[in-house]
Amino acid sequence: MPQSSRWVLVIHGGAGQITRTTLPAEQDRGARAGLHAALAAGAALLAGGGAALDAVEAAVRVLEDDPHFNAGRGSAFTHDGGIEMDAAIMDGRNRAAGAVAGITRTRHPVALARRVMEHSPHVLLSGAGADAFSVEQGLEQADAGWFETAARRRQRDAMLARGGDGFDVDMKYGTVGAVARDAQGHVAAATSTGGVTGKRWGRIGDSPLIGAGTHADDRAGAVSATGAGEFFIRANVAHEIGARVRMLGESVLDAGAAAIAEVGAMGGSGGVILVGTDGTGGWRFNTPGMYRGMVSAAAPAVVAIFGDE
């Protein structure tokens, strides 16, 4: 197959302490179905010659509506019992980017991130201002009940009952994201999250930070990260991977492995999904499991959860 037609889509639904003995069968089945649905949504666009940017947004929107994942519906609860969501999107063609943090009402945070990119002079909006911009842009709003699930509330309540004053760095059910290369050779990345259970003081992780949890550059590839965000911010993981590709000539998968090794050496855990400008796609993670999937012009959709898959 000519390199020019090698479209590929890779997605994730979080990484962490996800094992065969700890993951309920219902969660396993539901997560796999959600991953397949997200791949199908993005692949339908790419197979028809659509843009990588549209494909990653479409895939992430599906995952945001799926309560098996921690983004949109099913977001983690804060320490105070609220929902605060973050998201980002980036276009590798010109490195245009948009992001939002601490939003509370937009049904699809990734769609709001794209509106910030395309309809504002800014890259990152937060809190009440971002919520107001969403209304101005006519995006679909939802009340708190749409985002909340009983399982997520139980996770937060259990943490507080243990005397937890921090937050869940294990990220058992984490962030969602997508990266893609389209048939025209352009790449894009998108990431969306409800953050970590029990977060406080308006905490913002790596997901909406361009270069930390999300990055796309036609000169190198696209990256979306998940895990203990504070470490990904400190290591500037997503940009670091692209820099290694451009400056050292590493493959995107080797660069991803090196970046995750650095996160691990710092004491952090998590993973990344990757797509290269040559159509290479895959993932690298240092946790027991990672919800993930990939589909391309050359291969049918595959999904996996555990490290031995």
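I started with the packing: the largest nonpolar core has 49 residues, and L9, I11, I89 and Y291 have the most contacts inside it. For a nonpolar core I take buried Ala, Val, Leu, Ile, Met, Phe, Trp, Tyr and Cys residues joined through side-chain atoms within 4.5 Å. Buried is under 20% relative accessible area, exposed over 50% and partly exposed in between, with a 1.4 Å probe and protein chains only. Helix 2 (residues 52-64) gives the most to this core, seven residues. Helices (H or I, at least four residues) and strands (E, at least two) are DSSP runs numbered from the N terminus.

A note on the source: this is a predicted model, where local features need pLDDT of at least 70 and side-chain atom pairs count only at pLDDT 80 or more, while totals for chains, interfaces and linings use all residues. Residues are numbered from 1 along each chain as its sequence is written, and side-chain values use heavy atoms, leaving out hydrogens and water.

Next I looked up I11. Leaving aside residues up to four places away in sequence, I11 touches L35, A38, L39, A59, G177, A178, I273, Y291, R292 and G293 (contact means heavy atoms within 4.5 Å). There is also a second, separate core of 19 residues, with F232, A235, V252 and A259 among them.

Then the rings. Searching the whole structure turned up one aromatic pair: F69 and Y291, edge-to-face, 5.7 Å centre to centre with 90° between the planes. Rings of Phe, Tyr and Trp (its six-membered ring) pair if their centres lie within 6.5 Å; planes under 30 degrees apart are stacked, over 60 edge-to-face, the rest tilted. F69 is in the loop between helix 2 and strand 2 (85-91) and Y291 in strand 11 (residues 289-296), so the pair ties together parts 222 residues apart in sequence. Both F69 and Y291 are buried.

On to helix 6. Its 12 residues (150-161) should span 16 Å at 1.5 Å a residue, and the end C-alpha atoms are 16 Å apart, which agrees; the expected span is 1.5 Å times one less than the number of residues. R152, R156 and M159 are buried in helix 6. They cover an arc of only 60° around the axis, which puts them on the same side of helix 6; the arc is that of the directions from the helix axis to the C-beta atoms. The face turned away from the buried side carries exposed A150, R154 and A161.

Last, I checked W201: a positive phi of about 60°, although W201 is not a glycine.
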